[in-house]
Amino acid sequence: MSPLHHIELWVPDLARAERSWGWLLTRLGAEPYQSWAHGRSWRWGAEGTYVVVEQSPALVGDGHERRSPGLNHLAFRVGSPDDLHVIVEEGPAHGWALMFADRHPFAGGPDHMAGYFEDADGYEVELVVERS
C-alpha cells in the first residue's frame, strides 16, 4: 500500500476543476469517491490514494501559481506511449493544455517519456510513461 493517503487541491472554481480533474483522474483509473457542496474526490481502489478538489469557503486569493513557493506539479504514471497520446489528443476538450509542445514527449530529457499539462487554473500534471 502506498504511504500517500490523499492529496487535496484547493481550487477557485469547483465546476471547472471537476470537469478537468475528474476526466483526467478517471482516465488514469481512479473512480469517483466523495462528493459534497464544496468538493469532489477520486480514488484508486477501495483503500487507495485519492485526490480531492475543493473550492473551500476558507480560500484566500483567487489563483494558483505553480512557480511560487509550494506545490509545482503532481506526477502520475500512464500505461504506455499510446495512452499518453490519447490524453494529449483528448485533453484540450477537458480543459488541459499540453506544455512544452516543442519538446514533447521528451521535455524531461531523452530518457524520460512524459507529457506535461496545465489546466485553466494553472495546476500542472506530469504524465510519466513507465518503461519496462
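Guide: In helix 1, the buried residues are Leu-14, Ala-17, Ser-20, Trp-21, Gly-22, Trp-23, Leu-24 and Leu-25. Buried means under 20% relative accessible area, exposed over 50%, and partly exposed in between (1.4 Å probe, protein chains only). This is a predicted model, in which local features need pLDDT of at least 70 and side-chain atom pairs count only at pLDDT 80 or more, while totals for chains, interfaces and linings use all residues. Residues are numbered from 1 along each chain as its sequence is written, and side-chain values use heavy atoms, with hydrogens and water left out.

Visitor: What should the 14 residues of helix 1 span?

Guide: The expected span of a helix is 1.5 Å times one less than its number of residues. Helix 1 (residues 14–27) should therefore span 20 Å, and the 19 Å between its end C-alpha atoms agrees.

Visitor: Which elements make up the protein chain, and in what order do they run?

Guide: Helices (H or I, at least four residues) and strands (E, at least two) are DSSP runs, numbered from the N terminus. The protein chain has two helices and eight strands, in the order β-α-β-β-β-β-α-β-β-β from the N terminus on. Its radius of gyration, taken over C-alpha atoms, is 15 Å.

Visitor: What share of the 132 residues is buried?

Guide: Buried residues account for 38% of them.

Methods:
Rg over C-alpha atoms; globule rule 2.2 N^0.38 Å.
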